[in-house]
Amino acid sequence: MNTMQATRDETGATNTDPGAVLHWLSRAVGDFRAAPITALFYGFGFFVVSWLVIGFLWLTGLEWMIFPAVAGALLVGPLLAVGLYRESRRVAGHGGAGVASPGQIALVGAILMVLLLAWFRAATILYALLFGLKPFPGLQDLLFQLFRTTEGISLLVVGSAVGGLFAACCFAVSIYSIPMLVDRKVDAFTAMGMSFAKAARYPRLTIAWGAVVTILAVFGFATLMFGMIVIFPILGFATWHGYASMFGTPD
């Protein structure tokens, strides 16, 4: 397998410039058009699973976990898009729809879930430190407390900072590692290390892609998850093209 050198695409940006994300999205739209049934299957699946999780948390009195769970969906998103990476590879003519290292993908998934659970625990501790051991007030009262009280504003600031650290770590180790494990026979820690190294080497590109993912995801969540039916597969396809741009794919 070859490693691609920095080249210019039709957007005029090299594959390590922030503008390269526009090329990834453009290729993703092309994949969506080439495989609409697969794309919509994954998008609708994400929509259904998201609402099942939200409904479960609501019915079990764990409404306070809805916001961390929504944020956590972004952290484990690359893991949920494995089938979309396979489809992008097939559409591009880089082989069949197999997975090179399925067991290692499961290991990365376990690591991401541990990080996600750690984020849930951190969110619980922050809430308890600032609001005490009082029962959860409900979503409506919580929104009032977050934006109208000193404790709530402190929770927003500190929680965003702590959550940002978790998100940055998960994003850096998963942005390229999971597509790599679909594509190559390597171990999970090697793939995660290579992903982190590439993300750290090109921070402007990493930040640009993270911003695009966040903006599109926020829009999708704001539409009561309906937007994610299209946005999720687009982001999945684009993630594959980002990996292919940075590491190359089999000839």
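How far away is the nearest side chain of opposite charge to Lys-198? Point 4 comes back to that, after a quick look at the whole chain.

1. The part to treat with care is residues 1-13, where pLDDT stays under 50. The model still has 32 contacts beyond four places in sequence for that stretch, but where pLDDT is low, the predicted coordinates should not be read in detail.

2. Next, the overall build. Of the 251 residues, 47% count as buried. Looking at contacts with a separation of 6 or more, 71% of them join residues 24 or more positions apart.

3. Have a look at helix α4, which covers residues 82-91. Seven of its 10 residues are buried, so the helix is largely enclosed by the rest of the structure. The buried ones are Val-82, Gly-83, Leu-84, Tyr-85, Glu-87, Ser-88 and Arg-89, a list that includes the charged residues Glu-87 and Arg-89. What do they pack against? Their partners are α1 (20-34), α2 (36-59), α3 (66-80), α5 (102-131), α8 (177-183) and α11 (228-247). Just after α4 comes Gly-93, with a positive phi of about 75 degrees.

4. Now back to Lys-198, which sits in helix α9 (residues 188-201). Lys-198 is buried but has no salt bridge. The nearest side chain of opposite charge belongs to Asp-183, and that is 13 Å away; a salt bridge would need the nitrogen and the carboxyl oxygen within 4 Å. So which residues does Lys-198 touch, leaving aside those up to four places away in sequence? They are Tyr-176, Met-246 and Phe-247.

5. Last, a pocket to check in the viewer. The second largest pocket has a volume of about 450 Å³, and 21 residues line it. Those nearest its centre are Val-49, Val-53, Ala-73, Val-76 and Leu-80. Helices α2, α3 and α5 are the elements that give two or more residues to this lining. Which of them gives the largest share? That is α2, with eight residues.

Terms used. Residues are numbered from 1 along each chain as its sequence is written. This is a predicted model: local features need pLDDT of at least 70, side-chain atom pairs count only at pLDDT 80 or more; totals for chains, interfaces and linings use all residues. Side-chain values use heavy atoms; hydrogens and water are left out. pLDDT is the predictor's confidence in each residue, from 0 to 100. Contact means heavy atoms within 4.5 Å. Buried means under 20% relative accessible area, exposed over 50%, partly exposed in between (1.4 Å probe, protein chains only). Helices (H or I, at least four residues) and strands (E, at least two) are DSSP runs, numbered from the N terminus. On a 1 Å grid over the protein atoms alone, a cavity is a set of points where a 1.4 Å probe fits but cannot get out, and a pocket is an open set with protein on both sides within 12 Å along at least five of seven lines; lining residues have an atom within 4 Å of a point. Grid points are joined across faces, edges and corners, and a volume is the space filled by probe spheres set on the points.
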